[in-house]
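Biologist: I have not looked at this one before. Can you take me through it piece by piece?
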Amino acid sequence: MFPKPIENSSATVRTGYQAFVPVALFIWLLPMVAIFMTSVRSAEDINSGNVFGWPSEFALVENYIAVFERSQAAMYLMNSFMITIPSVVISVALACLAGYALAIYRFKWALPLFFLFVAGNFVPYQILMVPVRDMSVQVGLYDTIQGQVFFHAAFQTGFCTLFMRNFIKALPFDLIESARIEGVSEPKIFWYVVIPLMRPAIAALAVLIFTFVWNDFFWANVLTQGESAKPITAGVRALNGQFVNNWHLVSAASLLAALPPVVMFFLMQRHFIAGLTLGAVK
Amino acid sequence: MAFTETRAGTQKTSWLAKNKLNIAPWLFLAPALLYFAIYVVVPIFESIWLSFYEWNGLYRADGTSTASWVGFENYVKLWDDPKFWISLKNNVLWLVLYMLAVPAGLFIALFLNQKTPGMRLYKSLFFFPFVISQVVVGLIFGWFYNPDFGVVGTIWKALYCEETVNILGNATFKCSRAAPDILSSPEFATYGIIAAGLWPQIAYCMILYLTGLNNVAADQIEAGRLDGAKGWKMLWYVVLPQLRPATFIAVVVTVIGALRSFDMIAIMTQGGPFGSTNVLAYYMFETAISEYGERYGYGSAIATVLFLIMLVYISYFLWRMYQDEKGAH
């Protein structure tokens, strides 16, 4: 283990380390702490300039209720869920199929097609922007939830396929081979042999794609116009304009926007981290 | 499932049965491939094609596009467009400074790579900034930098200002130097945004290195220790070579993050002041969908330049993957 395990050091070093880690964490997360403290302040505190001192009163509940009452935050949040969840389901499902094909079958297109998915996943969004926007307008998907779902699902399919293919490639091939010899059909091998083994990968991808799509801001701007189909990220920006200098409300709304991915992360931490390494750091 | 039965027993199925290993992969691939082609692959070529046109995004009544061919004119215009060069320069700045996330992430990972009680929780809390939306990060830092009531302003007041209270009891501040308004300063605004962007990116690199450090071979470290290596030498000669895969991924995701920088700029400065914080990604968006009418052709030309820059990294990444694949067989 590197660096040297702290247990082997003197008691002073050990205690010093254990005392210092929380301090470092506090400094590291200071922006989050500050925004949380702001979101529980009262309007009087903000106006009188008490932005950093101890709050004169705690207005946590009032502020969060105010965000929902005075803005369309509830609708934005709902939209975000309606955009994110179907996108996750579609892209992970398609990638299971495609990843299986690219990992298990030996055909000469396997590697070029795999690279196509990988490369597509890394392109800058701007190179897709005009055609995707134009296409969405043409088929009536502009300014709708579905329009965003279709795009996100398609785009994330690239990353998901990269991940799934590498994951399936690492599975023991003998399992599939012996199922084939027993005469099991290909779809059944996929469904009964491979899918059960893919569960951890599916979980990892699901949390990761949830975060990616939830945090999208660019496509929300490109594919929507009005308020009705905007997700919370774009909504928070609109609120920022609406609640000028009401920092306690802006903070509360920002925390609401940040909350679902954070909850996902804490619930599925192990899977999340496995996903982030692109399945590449073994 | 669309493809259930492959063994019904007729003439046709025997052909199917013979070729099932050739057909099956295409059936599994078809949905993802088709869908990905429509939304990702084809639009890339359409964009490049559009960059040779001038188009406001409108169609005639008969459904034909109003785009007109202009050849390389958009690229010639780009060459003479100072905003384009500012954006490009800022992109380079982002690329270079964003790379600080890699060593910084490694540093924090080394600091946290211990097994004292509660360490798991600390590690995940350190990772926090990456999970939250960049829009939120941008808002937080925008507020931090605010010279009137942000952190910067408050510290400044403590250092350089004197508080005077007038007869009405209102406090006013007299400052020997005005507080810096980072995001309104053409010189410093980009650095301010990059600093904000580094926060989540460092967290990302940290987690990559923590995972990598978990898998560093213990026997090699022991061997290194026996040979008298420690501290920096151990890190440089023994640990870092083993962390190569983690470093590779960290560099890749950091490059992509730097070139994709859009959200923070849109939230914190919208490219301003005077276009000084523009990057290609934001300038393209601003040009293509502006209040003064769409300029799809010119926007596509900017996007194409950005794409070509990214293509250098994509090619490198694919080449590395190809080497790995070859090694695996």
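Modeller: One term to begin with: contact means heavy atoms within 4.5 Å. This is a predicted model, where local features need pLDDT of at least 70, side-chain atom pairs count only at pLDDT 80 or more, and totals for chains, interfaces and linings use all residues. Residues are numbered from 1 along each chain as its sequence is written, chains are lettered from A and ligands numbered from 1 in the order in which they are written, and side-chain values use heavy atoms, with hydrogens and water left out.

Biologist: Which residues is B:Glu325 in contact with, leaving aside neighbours within four places in sequence?
Modeller: B:Glu325 touches A:Leu111 and A:Arg165. B:Glu325 is part of helix 14 of chain B; helices (H or I, at least four residues) are DSSP runs, numbered from the N terminus.

Biologist: Is B:Glu325 buried or exposed?
Modeller: Its relative accessibility is 13%, so B:Glu325 counts as buried. Buried means under 20% relative accessible area, exposed over 50%, and partly exposed in between, with a 1.4 Å probe and protein chains only.

Biologist: What does helix 14 of chain B meet in chain A?
Modeller: Helix 7 of chain A. On that side the residues are A:Gln126, A:Ile127, A:Val130 and A:Arg133. Helix 14 of chain B brings B:Tyr296, B:Ser300, B:Ala303, B:Thr304, B:Leu306 and B:Phe307. They divide into 6 nonpolar, 3 polar and 1 charged. Here Ala, Val, Leu, Ile, Met, Phe, Trp, Tyr, Cys and Pro count as nonpolar, Asp, Glu, Lys and Arg as charged, and the others, Gly among them, as polar.

Biologist: At what angle do the two helix axes cross?
Modeller: Roughly 145°, and the axes come within 7 Å. Axes are lines fitted to C-alpha atoms, for helices over the stretch in contact, and angles run from 0 to 180 degrees between N-to-C directions.

Biologist: Salt bridges next. How many are there over all chains?
Modeller: The search of the whole structure finds 5. A salt bridge is a side-chain nitrogen of Lys or Arg within 4 Å of a carboxyl oxygen of Asp or Glu.

Biologist: Which residue pairs with A:Arg133?
Modeller: B:Glu294, at 2.9 Å from N to O. This pair crosses between chains: B:Glu294 sits in the loop between helix 13 (280-288) and helix 14 of chain B, and A:Arg133 in helix 7 of chain A. A:Arg133 is buried at 7% relative accessibility, while B:Glu294 is partly exposed at 25%.

Biologist: And what does A:Arg180 form a salt bridge with?
Modeller: A:Glu186, with the closest N and O atoms 2.9 Å apart. A:Arg180 is buried at 17% relative accessibility, and A:Glu186 is buried at 3%. There is also a salt bridge between A:Lys230 and A:Glu227, at 3.9 Å from N to O.

Biologist: Now the surface. Which residues form the nonpolar patch?
Modeller: A:Phe20, A:Val23, A:Phe26, A:Ile27 and A:Leu30, with about 470 Å² of accessible area together. Areas come from the Shrake-Rupley method with a 1.4 Å probe, and for residues only the protein chains shown count as cover. Patches are made of residues with over 30% relative accessible area and no salt bridge: like charges are joined within 9 Å, nonpolar side chains (Val, Leu, Ile, Met, Phe, Trp, Tyr) within 5 Å.

Biologist: Where does the largest share of it come from?
Modeller: Helix 1 (residues 11-28) of chain A, with 4 residues. A:Phe20 is found in that helix and is partly exposed, with a relative accessible area of 44%.
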